[in-house]
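My entries follow in the order in which I looked things up.

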Amino acid sequence: GYGRFSAFGGRGGSRSGVIRTTNGGTTWTPLGSVMQGRNIAKVAARGNVLLAASDADDAFSCGPGGGIGLFRSIDSGATWNLVTNGLFGSRVAALAEDPTNNAGFYATIIDFNGGCGTGNGVFGSTDTGATWTDITAPIITNVIDSGGSHFERAVAPTGTVFLSVIASGELAGVFRLPAGSSTWQDL
């Protein structure tokens, strides 16, 4: 996926959408012109199901027809739809696959302009991104800055989830969700 991430300035080349390789990177194919203009923060794949996280677009628009949110394709990228079950219209700042569950994903979102999305937080999906559940804990919500937070997320081979939150240009918190648990730990 193409995106602009120049020290949070968003400067750079065109946002040309999502491309895919099926031969180890020898050739690449553009996937659906509808993804052009979106700032793709992360792409994740499970067979024919692709997820593309967008935290901005050329028009900085959300809602139906907007370019911000989580987009899902069930046909290898030929068509894309905005996920409207749990994450509608929010900037998806991080996306990670669960290595212990082929249908599992985690996403972190920031509410766009205070009311265009579902709020700030951490969400999980167990059905390849079709539906999402808020799994945010107050210890995480307390450090998120809606105006400028940035997230990094990783899922260990055991299924343990790690999340770092940067707010106002500084590390605000590092959190751990042990595999099989619903309780986040503040590290």
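**Conventions.** I count two strands as paired if DSSP finds at least two bridges between them. Strands are DSSP runs of E with at least two residues, and helices are runs of H or I with at least four, numbered from the N terminus. The model is predicted, so I note that local features need pLDDT of at least 70 and side-chain atom pairs count only at pLDDT 80 or more, while totals for chains, interfaces and linings use all residues. Residues are numbered from 1 along each chain as its sequence is written, and side-chain values use heavy atoms, with hydrogens and water left out.

**Entry 1: β3, β4 and β5.** I started with β4, residues 49-57. Five antiparallel bridges join β4 to strand β5 (residues 69-73). Within that pairing I found Phe71 of β5 as the bridge partner of Ala52. Towards β3, I read eight bridges, again in the antiparallel sense. There, Arg38 is placed opposite Asp57 of β4.

I then looked up burial, taking buried as under 20% relative accessible area, exposed as over 50% and partly exposed as in between, with a 1.4 Å probe and protein chains only. Nine of the nine residues of β4 are buried, so the strand is largely enclosed by the rest of the structure.

**Entry 2: the sheet around β9.** I traced an open sheet of four strands in the order β7-β8-β9-β10, with antiparallel pairing. Its edge strands are β7 (91-97) and β10, each of which pairs on one side only. Strand β8 (residues 105-110) meets β9 over five bridges, and Ala107 has Phe123 as its bridge partner there. β9 is joined to strand β10 (residues 133-134) by two bridges. In β10, the residue opposite Phe123 is Asp134.

Why do I describe β9 as largely enclosed? Five of the five residues in 121-125 are buried, so the rest of the structure largely encloses the strand. In a regular strand the side chains alternate between the two faces of the sheet. For β9 I found both faces covered: Gly121, Phe123 and Ser125 are buried on one side, Val122 and Gly124 on the other.

**Entry 3: the sheet from β11 to β14.** I read a second open sheet of four strands, ordered β11-β12-β13-β14 and antiparallel. At the edges stand β11 and β14 (185-186), each with a single partner strand, so one side of each has no neighbour in the sheet. Strands β12 (residues 161-167) and β13 (residues 170-177) are joined by seven bridges. Across this pairing, Phe162 faces Arg176 of β13.

**Entry 4: single residues.** For contacts I used heavy atoms within 4.5 Å.

- Val155 belongs to β11 (residues 150-155) and is buried at 16% relative accessibility. Outside four places in sequence, Val155 touches Ala96, Glu97, Asp98, Pro99, Tyr106, Thr160 and Val161. I also noted 9.9 Å between the C-alpha atoms of Val155 and Pro178, which are 23 residues apart along the chain.
- Arg46 sits in β3 (residues 38-46) and is buried, with a relative accessible area of 17%. Beyond four places in sequence, the contacts of Arg46 include Glu97, Asp98 and Pro99, as well as Phe105.
- Ser164 is in β12 and counts as buried at 17% relative accessibility. Among the residues Ser164 touches beyond four places in sequence are His150, Phe151, Glu152 and Leu171.
- Ser33 lies in the loop between β2 (29-31) and β3. I found Ser33 exposed, with a relative accessible area of 57%. The C-alpha atoms of Ser33 and Trp80 are 9.5 Å apart, with 47 residues separating them along the chain.

**Entry 5: the second largest pocket.** A pocket here is an open set of points on a 1 Å grid over the protein atoms alone, where a 1.4 Å probe fits, with protein on both sides within 12 Å along at least five of seven lines; lining residues have an atom within 4 Å of a point. A volume is the space filled by probe spheres set on the points, which are joined across faces, edges and corners. I got about 160 Å³ for the second largest pocket. β8 and β9 are the elements that give two or more residues to its lining. The lining residues include Asp98, Asn101, Phe105, Tyr106, Gly124, Ser125 and Trp132.
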